[in-house]
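Please view the sequence and the model before reading on.

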Amino acid sequence: EFFKTLGYRMELNAQSYRTAMQDARAGRIPNTQQAIKGRMADILADPPENIQMAAASEAAYRTFTSSPSRAAKSIMRLRDTGNHPWIGNLLRYVAPFVSTPDNILRFSFARTPLAPLSTAYRTAIANGGADAAIARARMGMGTMLMATATDMAIDGKITGGGPPPGAQREEWLRTHKPYSVDLGNGKVISYNRMDPMGFLFGTAADMAEYSRNADMSDEDTFAEYQEFGAAALFAVAETIKEKSYMQGAALFMDAVNNREMYSEAFVNKLAGSFMPAIANEAARVMDPVKRATFDIGSAFANRTPGLSSSLSPQRDLWGREQRYESGFFGGGIAGKTYDALSPLYGSSIAPEPIDKEMEKSDFFIGMPKKGITVNGENVSFKNSPEMYSRYVELQGGTKPSQFKTEAGAALEEQVGDRSLREVLNDIVLGNDPEYSEAYQALTDSEDKKKYVMDFVNAYRAAARAEILMEFPELQA
């Protein structure tokens, strides 16, 4: 209501100024500063109905509370009328908010180079006058902002969505955060919730990432522009999909398209959503470690203060716990307050030398599989996240002296008392007298990957032996 009042008064002043100027040019009042100010004061004291309606409409537009589009109305009708109860109930969970996101997206779209495709833009241009000028100004200002964001993305100052799922994305997430601004000193802040600006930045950054990785040549210009146009549309779709208010619908569509990979995640997220968001924020403050969820119960516990700490931590390739804390303000009271209250998520990034080397040399190591082979049988960790968390910790961040098996002793004899992360960092930095020279003599990315994977596999073999000892039930 506060911002709606601001928007209403802004438009009331704009309309009164516009009307006074028209009257002065038409000769209805003297064309002097004093007469124009007097005419504006008269209009503001008793605004005509058409000016009041225009101001109210602009206030609704600026606060994303305008009447939704026909498509949004159809979804809301399907959700709320009760004619299709199963579909309606599903929509209440996957698309609880329709009108406001619809207005945000239309507001954002009007500020892109694609604005002429919309009916609202074409209508404004046909009306001429102020309507046409404002429509062109919105598109021009938004396009300029996108051009600036594209330049920032090419320079690495902001990021888009990043690579698709896989080993490359896992490495990218250790050195970047999606849809974020680089503040320097390893600090980044997400702009994804800063709509409508976040939409423009995200779309531009995704396009910049595509342009950086595209193989552009002069042989088939039409095909390249066709591919670039398709990439632009996919960039818009990807940016929309990553919005917080679209997460339910996006995950539902992923589950429909790939039941094996996403159906369980959709059900677990749906179950977790029954716990209010404020409880989830409280749980993060009390327990800032990211936790592994694998069923409905764990998804619910993950969002419950006091219960989340009973779940196993999520770890990265190097066995490090993943945390929600931004690390801003030294991680003290001010930092915790920021994390709890700010809608703009912050993060601290400390990429390892091996991560930078993989990015530079274009080879990537994926997370270990969620299972091991025991006596020729595949044993899954899918429903045992505590085993997988421990396995990842052992293979990536544990020194051989902390192993209690013969495999650990053999590993220590081979590489010394260093974790996998420490060994690989020493190798790529040239600090390992035994292995660095051989690695740095390699020039092909595949050869480098094979060399590194020999160490990865050695640590994973030792981790398998250790996990079998720590969890005897695996043998059974």
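The text below treats ring pairs, charges over rings and a strand hairpin in turn.

The model is predicted, so local features require pLDDT of at least 70 and side-chain atom pairs pLDDT 80 or more, while totals for chains, interfaces and linings use all residues. Residues are numbered from 1 along each chain as its sequence is written, and side-chain values use heavy atoms, without hydrogens and water.

Rings of Phe, Tyr and Trp (its six-membered ring) pair if their centres lie within 6.5 Å; planes under 30 degrees apart are stacked, over 60 edge-to-face and the rest tilted. The count is 12 aromatic pairs. Y191 and F201 form an edge-to-face pair, because their centres are 5.7 Å apart and their planes stand at 65°. Since Y191 lies in the loop between strand 2 (187-190) and helix 10 (197-213), and F201 in helix 10, the pair ties together parts 10 residues apart in sequence. Helices (H or I, at least four residues) and strands (E, at least two) are DSSP runs numbered from the N terminus. Y191 is buried at 2% relative accessible area, as is F201 at 9%; buried means under 20%, exposed over 50%, partly exposed in between (1.4 Å probe, protein chains only). One aromatic cluster is formed by Y435, Y439, Y451 and F455.

A charge sits over a ring if NZ of Lys or CZ of Arg is within 6 Å of the ring centre and within 35 degrees of the ring normal.

| Charged residue | Ring | Distance to ring centre |
|---|---|---|
| R111 | F107 | 3.7 Å |
| R284 | Y324 | 4.0 Å |

Strand 1 (residues 180-184) pairs with strand 2 in the antiparallel sense over four bridges; pairing requires at least two DSSP bridges. D182 has V188 in strand 2 as its bridge partner. Two residues separate the strands of this hairpin, and N185 in the turn has a positive phi of about 55°.
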